[in-house]
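Please look over the sequence and the structure shown below before reading on. The report that follows takes the reader through the structure one topic at a time.

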Amino acid sequence: MPGLSLPEPRFETEPFWTGGERGELLIYRCDDCGLWLHPPKPVCRRCLSRSVGPMAVSGLGTVYSHTVNHQPWIPGVAVPYTLAIVELDEEPGLRVSTRLTGAEPADVRIGQRVTVVFEHREDVWLPYFTPVPEEAER
Ligand SMILES: [Zn+2]
């Protein structure tokens, strides 16, 4: 789960961890059939195309599930905090594991609208999610 230690970007996961430098959440997508692929893979699982690569998504999604972490795993990171799986707007089933910020753990609910924010640490930009203000919800 994110938040436990800093990820070490590999070739395919590097865009996901560094797109935040430009404010972009980059998710792999198949150029041939349009399927989003996360975690990123070098081959599309639906059409087996190798023409896949990172594309920026809207950064909007909904909370699919969440849990509260009470263990102080990381020095300097206050507990409790919320770990969540967010389903991105781009495609049903396109889900990322993340941390929720800007909300008390008790206030988080399934289906809550969230948007990506980035926390810059060393050479990665951790994609976290924060609630969308009510007035901005569709
Ligand atoms: Zn495909």
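This is a predicted model: local features need pLDDT of at least 70, side-chain atom pairs count only at pLDDT 80 or more; totals for chains, interfaces and linings use all residues.

On its other pairing, strand β4 (residues 60-69) runs antiparallel to strand β7 (residues 113-121), to which it is joined by three bridges; the bridge partner of Leu60 in β7 is Thr115.

## The three-stranded sheet

A further group of strands forms an open sheet of three, in the order β2-β1-β3 and with antiparallel pairing. Strands β2 (36-37) and β3 (52-56) are at the edges and have a single partner strand each, so one side of each of them is left without a neighbour in the sheet. Strand β1, made of residues 26-30, runs antiparallel to β2 and is joined to β2 by two bridges, with Tyr28 opposite Leu37 of β2.

The loop between β2 and β3 holds Pro39, and the peptide bond between His38 and Pro39 is cis, with omega at about 0 degrees. Leu48 belongs to the loop between β2 and β3 as well; although Leu48 is not a glycine, its phi is positive, at about 65 degrees. With a relative accessible area of 61%, Leu48 is exposed.

## The zinc site

Which residues coordinate the zinc ion? The donors are the SG atoms of Cys30, Cys33, Cys44 and Cys47, at 2.3 to 2.4 Å, and along the sequence these donor residues follow the spacing C-x2-C-x10-C-x2-C. The angles that the four donor atoms subtend around the zinc ion are 102 to 118 degrees, and the arrangement is therefore tetrahedral.

## The nonpolar core

The largest nonpolar core has 20 residues, and those that touch the most other members are Leu25, Ile27, Val86, Leu88, Val96, Leu100 and Phe129. At least two residues of this core come from each of α1 (14-18), β5, β6, β7 and β8 (124-131), and the largest share, four residues, is supplied by β8.

## Aromatic rings and charged ends

How many aromatic pairs does a search of the whole structure find? The search finds one, and this pair is edge-to-face, because the rings of Phe16 and Trp17 have planes at 80 degrees to each other, with their centres 4.9 Å apart. Phe16 is buried at a relative accessible area of 8%, and Trp17 likewise counts as buried, at 15% relative accessibility.

Two arginines are also placed over rings. Arg95 lies over the face of Tyr64, at a distance of 3.6 Å from the ring centre, while Arg99 has its charged end over the ring of Tyr81, 4.5 Å from the centre of that ring.

## Two further loop residues

Is Gln112 buried or exposed? With a relative accessibility of 9%, Gln112 counts as buried, and its place is in the loop between β6 and β7.

Glu122 is found in the loop between β7 and β8. Its phi is positive, near 55 degrees, in a residue other than glycine, and at 65% relative accessibility Glu122 counts as exposed.

Definitions and conventions: Residues are numbered from 1 along each chain as its sequence is written. Side-chain values use heavy atoms; hydrogens and water are left out. Rings of Phe, Tyr and Trp (its six-membered ring) pair if their centres lie within 6.5 Å; planes under 30 degrees apart count as stacked, over 60 as edge-to-face and the rest as tilted. Buried means under 20% relative accessible area, exposed over 50%, partly exposed in between (1.4 Å probe, protein chains only). A charge sits over a ring if NZ of Lys or CZ of Arg is within 6 Å of the ring centre and within 35 degrees of the ring normal. Donors are N, O and S atoms within 2.8 Å of the metal (3.2 Å for Na, K and Ca); water is not among the atoms, so sites may look incomplete. Four donors count as tetrahedral if all angles lie between 85 and 135 degrees; four count as square planar and six as octahedral if opposite donors are over 155 degrees apart and all others between 65 and 115; anything else is irregular. Two strands pair if DSSP finds at least two bridges between them. A nonpolar core is a set of buried Ala, Val, Leu, Ile, Met, Phe, Trp, Tyr and Cys residues joined through side-chain atoms within 4.5 Å.
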